[in-house]
Amino acid sequence: MADNKAKLTIAETSVDLDVLSPTLGSKVIDIRTLGSKGYYTYDPGFTSTASCESKITFIDGDNGILLHRGFPIGQLATESTYLEVCYILLYGEAPTQEQYDKFKTTVTRHTMIHEQITRLFNGFRRDSHPMAVLCGVTGALAAFYHDALDVSNPVHRDITAYRLLSKMPTVAAMCYKYSIGQPFVYPKNDLSYAGNFLHMMFATPCEEYVVNPVLERAMDRIFILHADHEQNASTSTVRTAGSSGANPFACIAAGIASLWGPAHGGANEACLRMLEEIKTVEHIPEFIKRAKDKNDSFRLMGFGHRVYKNYDPRATVMRETCHEVLKELNLNDSLLEVAMELERIALNDPYFIEKKLYPNVDFYSGIILKALGIPSNMFTVIFAIARTIGWIAHWNEMHEDGLKIARPRQLYTGYSERDFKSEIKKK
Ligand code: CMC
């Protein structure tokens, strides 16, 4: 891959570095030899650092391109199912009919969780945030799948992938049912992945719940659009946790924790809260003014992205799905009106144009989820269900490539060595 050299000159010393060429995207300077020469690089937030090699997902943020294993996200969202995308992310190729049927059957047959886990929920307060419960329960799955699990064995990793993919919707729906005091609804194997999740969320033992195919498709699309996004904060967290050879369920719990923050997966919940706060289109200028004010910490949620400096391609599909859902449900959501006007104003405002701040995937997903009847504190949980496959695909790739524990260095700015004198009286 090294087809070029870079020379770094520091005082009298110069260091030759390889320049690596990826299949797509910017060239990468290989700095691995720098440490042995007594220098480290400094890059808080990893804005200019590639932490690994990967074949899974490619993003061109300037041109709004997102490819999974080479396939454009727009095509995947309109022409595939979430489970097909999962197969592609995990195994690198689109499945044949036979491979798909086998994969679907295996995922479907692992949806139940150990009955003992259902008791774990009782330890949580009913008003706990569902992300806290999801994080705790997913971490607890490590207690059920640990001793016999050898992470260096590809077959064991494959079984782990199935388990996580299959069980995550069940655990997520249980988080919701627990929070509203309803009995857990067990998975139904004759439903699709998305249909089964909606059923576990909204069915009760007293009433039949029929899954609406338009809403089922919308749910599936939300899952597809959140499935993977290369080395984002939560995926990097899963890789970092997994780099020590840790239990994968514990690593996914770490990913869930990272996803929860409002700058990452928590943005969809924060975005809906913001739209509710704006309430009517007349209030939009006031919020735009606040977003631009350097002394105000307020940001337009659902706008901007570390990588996309153009329209987020996922937001385009999400926008269409949003209209389909509202039409199907015959809903005239005033929040959508606020969202559309906010988008129009922001896209024409010099501040947002100069800083290349476009609507991201979370801008529309919240409105769709609300229309589906999902409460806002469950939005990030749904992101976590969808992103689980991305986390596992990256965790698996890291193991295939050979583990190297993640251990960044630092720019130390503390005290130099000094004498310690205790002022505490000893008994
Ligand atoms: N509203 C107002 N100003 C903004 C916004 C925003 N949403 N986003 C960035 N800016 C400004 C920011 O103040 C800064 O201005 P200046 O250069 O004058 O200091 C400039 O744009 C660059 O911002 P940054 O924080 O340095 O950029 P970043 O790449 O570190 O942050 C981000 C990316 C997504 C955290 C940020 O755009 C943000 O906080 N957006 C709102 C939260 C959000 O929607 N997050 C969801 C991301 S998509 C889902 C996912 O993949 O997790």
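**Close-ups of a predicted model**

Figure 1. Strands here are DSSP runs of E with at least two residues, helices are runs of H or I with at least four, and both are numbered from the N terminus. Two strands count as paired if DSSP finds at least two bridges between them. Phe71 in S6 is the bridge partner of His68. His68 also turns up on the other pairing, as the partner in S5 of Thr57. The whole thing is a predicted model, so local features need pLDDT of at least 70 and side-chain atom pairs count only at pLDDT 80 or more, while totals for chains, interfaces and linings use all residues. As for bookkeeping, residues are numbered from 1 along each chain as its sequence is written, and side-chain values use heavy atoms, with hydrogens and water left out.

**Figure 2. S4 and the hairpin it makes with S5.** S4 (residues 57-60) and S5 (residues 65-68) run antiparallel, joined by four bridges. Four residues sit between the two strands of this hairpin, and Gly64 takes a positive phi near 65°. Along S4, Thr57 and Ile59 point one way, whereas Phe58 and Asp60 point the other way. Whichever way they point, all of them are buried (under 20% relative accessible area; exposed is over 50% and partly exposed in between, with a 1.4 Å probe and protein chains only). Zooming out, three strands form an open antiparallel sheet in the order S4-S5-S6. S4 and S6 (71-72) stand at the edges with a single partner strand each, so one side of each has no neighbour in the sheet.

**Figure 3. H11 crossing H14.** The axes of H11 (residues 267-278) and H14 (residues 334-347) come within 9 Å and cross at roughly 95°. That makes H11 roughly perpendicular to H14; the label covers 65 to 115 degrees, with under 35 roughly parallel, over 145 roughly antiparallel and the rest oblique. Axes are lines fitted to C-alpha atoms, for helices over the stretch in contact, and angles between N-to-C directions run from 0 to 180 degrees. H11 brings Leu272, Met274, Leu275, Glu276 and Ile278 to the contact, and H14 brings Leu335, Val338, Ala339 and Leu342 (contact means heavy atoms within 4.5 Å). By class, the contact residues are eight nonpolar, no polar and one charged. Nonpolar covers Ala, Val, Leu, Ile, Met, Phe, Trp, Tyr, Cys and Pro; charged covers Asp, Glu, Lys and Arg; the others, Gly among them, are polar.

**Figure 4. H3 against H6.** H3 (residues 97-108) packs on H6 (residues 154-180) at about 65°, with the axes 8 Å apart. Phe103, Thr106 and Val107 in H3 meet Tyr162, Leu165 and Ser166 in H6.

**Figure 5. Phe197 and its surroundings.** Phe197 lies in H7 (residues 193-202) and counts as buried at 0% relative accessibility. Setting aside neighbours within four places in sequence, Phe197 is in contact with Pro169, Ala172, Ala173, Met219, Phe223, Ile382 and Ile385.

**Figure 6. Cysteines without partners.** Zero disulfides come out of a search of the whole structure, a disulfide being a pair of cysteine sulfur atoms within 2.5 Å. For Cys52, the closest cysteine sulfur is 15 Å away in Cys251, too far for a bond. The closest one to the sulfur of Cys86 is also in Cys251, 19 Å off and too far for a bond. Cys52 is partly exposed at 27% relative accessible area, whereas Cys86 is buried at 0%.
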